[in-house]
Amino acid sequence: MVVIMGVSTFTALHVENEGFWIPSSDINGLFFLNNENKLEYKCSFFGGESVSSWEICKVIKDKESLYAFSRRSFEYWKYDVKYNRVERQKYYSGKTGLLSNVEYVNNRVWIIPRDYNCPILNIDLQNREVIEIPYTFDISLGSSGITRTCIYKDKIYWLNRKEKNIYIFSLDCRNNSLKYNAFEDAQFVNCIDVYEDKLCILYYSKDAQSILCLMDINNYEILERINLTDTIKLPEGWVFENPKEKITKDTKEVSVKYSEIDGKVGTALINVQER
């Protein structure tokens, strides 16, 4: 959750040369922040399936309309910017608990479920066509296994559990094909993103290490594996006495140097088992 000009929100849409469209997470309302930092109330999201359906996880602009997707139910509100009109639309009849992975690729909306075994949904906003893509994962773990999605070109990536293991999922939005590859080292996953044509995955390994992994986005070859558990941040002005010393999970203490008030250099031992 972020705060923009005093409005708390789960998401916001920036339109170049116009401003920000901001659905509030505190009250039922859509606000517009123009380039002159003037905040205007535009509409509310009424008629939802539950009292919290108005909580919005994604705002998409298609032609002259905005589409605000609920994070609590399979429905969205279409807001006509020109005529200031709101229309509610339900797009799937299944049960849901939390939706946060909603992406817009190739002029279609893609819904990747988090909490329940329902299909991936591919929506054409113009004719309201919905295509279902089979997708299952370990429902007993709820949303604890899945990450937020990220986009690279025409594909959507995320990680989730399937049959008690972690997998990297990739959805090709050109042909609706879903593939997944085992990520055997991971016990829990935090997030996935793309940087310079590489998949960047932050996860907790099966040997209790916090790892940042860089992978080739095409074949999932591991290019670099950075153990963040071995990283210790020192106060400003402090340095390791032996900068080349390798810190592992078995390391008990490391020696550091620091400047004392009188200008002298002091030394100390840090217990790294307590970090």
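Residues are numbered from 1 along each chain as its sequence is written, and side-chain values use heavy atoms, with hydrogens and water left out. Because the model is predicted, local features need pLDDT of at least 70 and side-chain atom pairs count only at pLDDT 80 or more, while totals for chains, interfaces and linings use all residues.

The protein has zero helices and 25 strands. Both kinds of element are DSSP runs numbered from the N terminus: helices are H or I with at least four residues, and strands are E with at least two. Buried residues account for 45% of the 275 residues. Buried means under 20% relative accessible area, exposed means over 50%, and partly exposed lies in between (1.4 Å probe, protein chains only). A contact is defined by heavy atoms within 4.5 Å. Among contacts between residues at least 6 apart in sequence, 31% join residues at least 24 apart.

Two strands pair if DSSP finds at least two bridges between them.

W110 stands opposite N122 in β13. I111 stands opposite L121 in β13. On the other pairing, β13 and β14 are antiparallel over four bridges. There, I120 has I133 in β14 as its bridge partner. In a regular strand the side chains alternate between the two faces of the sheet. In β13 both faces are covered: I120 and N122 on one side are buried, as are L121 and I123 on the other. The hairpin of β13 and β14 has six residues between the strands. R128 sits in this loop. Its phi is positive, about 65 degrees, although R128 is not a glycine. R128 is partly exposed, with a relative accessible area of 38%.

N176 also has a positive phi in a residue other than glycine, near 60 degrees. N176 lies in the loop between β17 and β18 (177–182). With a relative accessible area of 24%, N176 is partly exposed.

In soluble globular proteins, nonpolar side chains tend to be buried together. A nonpolar core is a set of buried Ala, Val, Leu, Ile, Met, Phe, Trp, Tyr and Cys residues joined through side-chain atoms within 4.5 Å. The largest such core holds 19 residues, and F183 and L199 touch the most other members. Two or more residues come from each of β15 (150–152), β16 (155–162), β17 (165–172), β19 (186–195), β20 (198–205) and β21 (210–216). β19 gives the most, with four residues. Leaving aside neighbours within four places in sequence, F183 is in contact with L159, I166, Y167, I168, I201, Y203, C213 and M215. Apart from this core lies another, of 16 residues, including I60, L99, V102 and I111.

F169 belongs to strand β17. F169 is buried, at 1% relative accessibility. Not counting residues up to four places away in sequence, F169 touches Y135, I156, Y157, W158, N160, K162, L178, K179 and Y180. F169 and A182 are 13 residues apart in sequence and 9.0 Å apart in space, C-alpha to C-alpha.

The structure holds zero disulfides, a disulfide being a pair of cysteine sulfur atoms within 2.5 Å. For C213, the closest cysteine sulfur is that of C200, 9.0 Å away and too far for a bond. C213 is buried, at 0% relative accessibility. C173 is buried too, with a relative accessible area of 7%.
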